[in-house]
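This briefing is intended to be read beside the sequence and the three-dimensional structure. Please keep both in view while going through the points.

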2 protein chains.
Amino acid sequence: MVNLAIIRPLRAQTTKKTILDEAMKIASTHGIQGITIGELAKKVGMSKSGLFAHFENKDNLQLEILRMASEHFVESVMKPAFREEKGLPRIVAMFNHWLAFLNDHSTLPGGSIFVSASFELDDRPGVLKDFVQKSQNDLILNMEKAVQLAIDCKHLKSSTNKNDFAWKLYSYVLGYHHFKRMLNHPEAEELIKNAFKELVNANRF
Amino acid sequence: MVNLAIIRPLRAQTTKKTILDEAMKIASTHGIQGITIGELAKKVGMSKSGLFAHFENKDNLQLEILRMASEHFVESVMKPAFREEKGLPRIVAMFNHWLAFLNDHSTLPGGSIFVSASFELDDRPGVLKDFVQKSQNDLILNMEKAVQLAIDCKHLKSSTNKNDFAWKLYSYVLGYHHFKRMLNHPEAEELIKNAFKELVNANRF
DNA sequence: GTATAATACGAACGGTCGTGCTATTATTGT
DNA sequence: ACAATAATAGCACGACCGTTCGTATTATAC
């Protein structure tokens with residue numbers, strides 16, 4: 001007897017993963033607020049109610065999308081970076097992985113969900129904003145932590161302001177995202193790479 | 001006979017202005033895509049159909065909102081800056097007016113429409129994206145022009161890269177917007193002010 | 001003072017939204 | 001093989017979406 005599992009409906013866990021993967025793509029181009037259950041169901045190939053049953057309400061669906069997006073970022077950027085030896089190598093790795101993450105059009109065709117979600121939600125209090133806020137703060141703290149370690153092991157000067165360093169790096173990422181995606185600026189990548197080098201060199205021991 | 005003009009419906013031009021003013025506020029918090037005609041009509045205090053008659057369709061309404069937002073920015077930031085004498089004073093004025101513009105919660109309670117619109121529309125081709133793209137390119141060109149003039153009159157070094165200068169300044173603005181609005185970061189204003197000073201000093205003659 | 005044009009309203013349209021309820025189907029444990 | 005359980009579909013709901021249309025009101029022009 002042939003294994004029908006492949007063409008049969010997927011088990012819950014797998015289905016949920018499939019739904020969320022597709023939802024991330026939509027969120028990436030339409031924004032986290034631009035998702036509708038009908039559209040998502042159509043794309044996944046199941047009924048609205050069938051899909052809806054996996055999430056008790058829409059907020060929950062959106063929250064799970066953000067959770068998955070966050071996990072995706074951590075896996076693609078932060079973890080690889082923190083596997084590098086502490087100090088400058090780790091900071092450089094973080095930057096490079098981040099850039100690669102932003103340039104990866106296959107899994108996130110519309111750019112970073114968190115970048116757009118941040119600007120969508122900044123004036124809309126609620127669970128979603130809370131989550132984004134928390135994730136972003138986490139990210140920034142980790143950046144600052146990496147900078148502090150680089151100071152400790154004398155890769156960066158002790159006068160280095162880690163808040164300033166993290167804020168600038170984050171600003172450059174936003175600027176890159178904007179210039180690349182909205183303005184199609186041909187030099188976007190060169191600009192951010194130079195700015196990063198400059199930022200590092202200005203604080204190098 | 002008393003003059004009923006005051007409590008009578010406003011004349012077209014005035015009404016449209018009233019509508020767009022209110023629409024800008026909504027767009028500022030809900031995003032340019034988050035506007036609905038019903039909600040807007042309610043806020044303005046007129047019927048959906050009555051309001052709709054001023055715009056042949058919704059795209060047009062959104063476009064006019066962006067147009068007005070653009071005009072608002074030009075009037076509040078660019079024009080005052082370009083009234084200052086060319087060179088550094090003009091660049092400093094531009095920065096200061098920009099910051100004041102972003103901090104003005106009364107007219108734009110939800111932050112700059114263009115900032116959020118940029119991230120909303122970057123993957124949604126159409127008239128709206130085209131307009132934002134054009135406006136932003138204009139803004140950047142004007143920034144670069146101001147930098148070039150500062151180079152010409154020897155306020156800034158001839159080695160100054162005006163593309164880089166404009167891109168960094170814009171990135172800082174995005175970073176500020178994000179840290180202030182989404183993360184409530186207490187140092188946001190200090191960070192951008194320092195970064196701006198640093199950017200100027202690095203290129204000062 | 002009347003004709004005309006501008007302006008706004010109310011009601012209704014076909015769609016889609018998020019969300020329940022119920023029945024059916026598929027998977028699992030025995 | 002069969003009962004128990006989980007997953008999905010079908011259908012309907014009220015609300016709101018953008019949009020159209022006919023009508024009433026108001027301002028302007030003659």
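The structure is a predicted model. In it, 35 residues of chain B are in contact with 35 residues of chain A.

**Contact between the chains**

- On the side of chain B that touches chain A, two or more residues each come from helix 6 (113–121), helix 7 (127–152), helix 8 (162–181) and helix 9 (188–203) of chain B.
- Helix 8 of chain B gives the most to this side, with twelve residues.
- By class, the residues on this side of chain B are twelve nonpolar, 16 polar and seven charged.

**Packing of helices 4 and 5 in chain B**

- Two packed helices are described by the angle between their axes and the distance between the axes.
- For helix 4 (residues 58–83) and helix 5 (residues 88–103) of chain B, the angle is about 160° and the axes are 8 Å apart.
- Angles over 145 degrees count as roughly antiparallel, and helix 4 of chain B and helix 5 of chain B are therefore roughly antiparallel to each other.
- The crossing of helix 4 of chain B and helix 5 of chain B is right-handed.
- Helix 4 of chain B brings Phe73(B), Ser76(B), Val77(B), Pro80(B), Ala81(B) and Phe82(B) to this contact, where they meet Arg90(B), Ala93(B), Met94(B), His97(B), Trp98(B) and Phe101(B) of helix 5 of chain B.
- The contact of helix 4 of chain B with helix 5 of chain B has nine nonpolar, two polar and one charged residues.

**Nonpolar core**

- The largest nonpolar core has 98 residues, and Ala23(A), Ile65(A), Ala23(B) and Ile65(B) are those with the most contacts inside it.
- Apart from neighbours within four places in sequence, Ala23(B) is in contact with Ile35(B), Leu40(B), Leu61(B) and Ile65(B).

- Among the buried residues of helix 6 of chain A are Ile113(A), Phe119(A) and Glu120(A).
- Helix 6 of chain B is mostly covered, with eight of its nine residues buried; these include Ile113(B), Phe119(B) and Glu120(B).

**Phe196(B)**

- Phe196(B) lies in helix 9 of chain B and is buried, with 21 other C-beta atoms within 10 Å.
- Not counting residues up to four places away in sequence, Phe196(B) touches Phe95(B) and Tyr172(B).
- From C-alpha to C-alpha, Phe196(B) and Lys43(B) are 39 Å apart in space, and they are 153 residues apart in sequence.

Definitions and conventions. Residues numbered from 1 in each chain as written. Chains lettered and ligands numbered in written order. Predicted model: local features only at pLDDT ≥ 70, side-chain atom pairs only at ≥ 80, totals over all residues. Contact = placed C-beta atoms within 7 Å. Helix = DSSP H or I, 4+ residues; strand = E, 2+ residues; numbered from the N terminus. Nonpolar A, V, L, I, M, F, W, Y, C, P; charged D, E, K, R; others polar. Axes fitted to C-alpha atoms, helices over the stretch in contact; angles between N-to-C directions. Parallel < 35°, antiparallel > 145°, perpendicular 65-115°, else oblique. Left-handed = near helix turned anticlockwise from the far one by under 90°. Core = buried A, V, L, I, M, F, W, Y, C linked by C-beta atoms within 7 Å. Buried ≥ 20, exposed ≤ 12 C-beta atoms within 10 Å, placed from the backbone.
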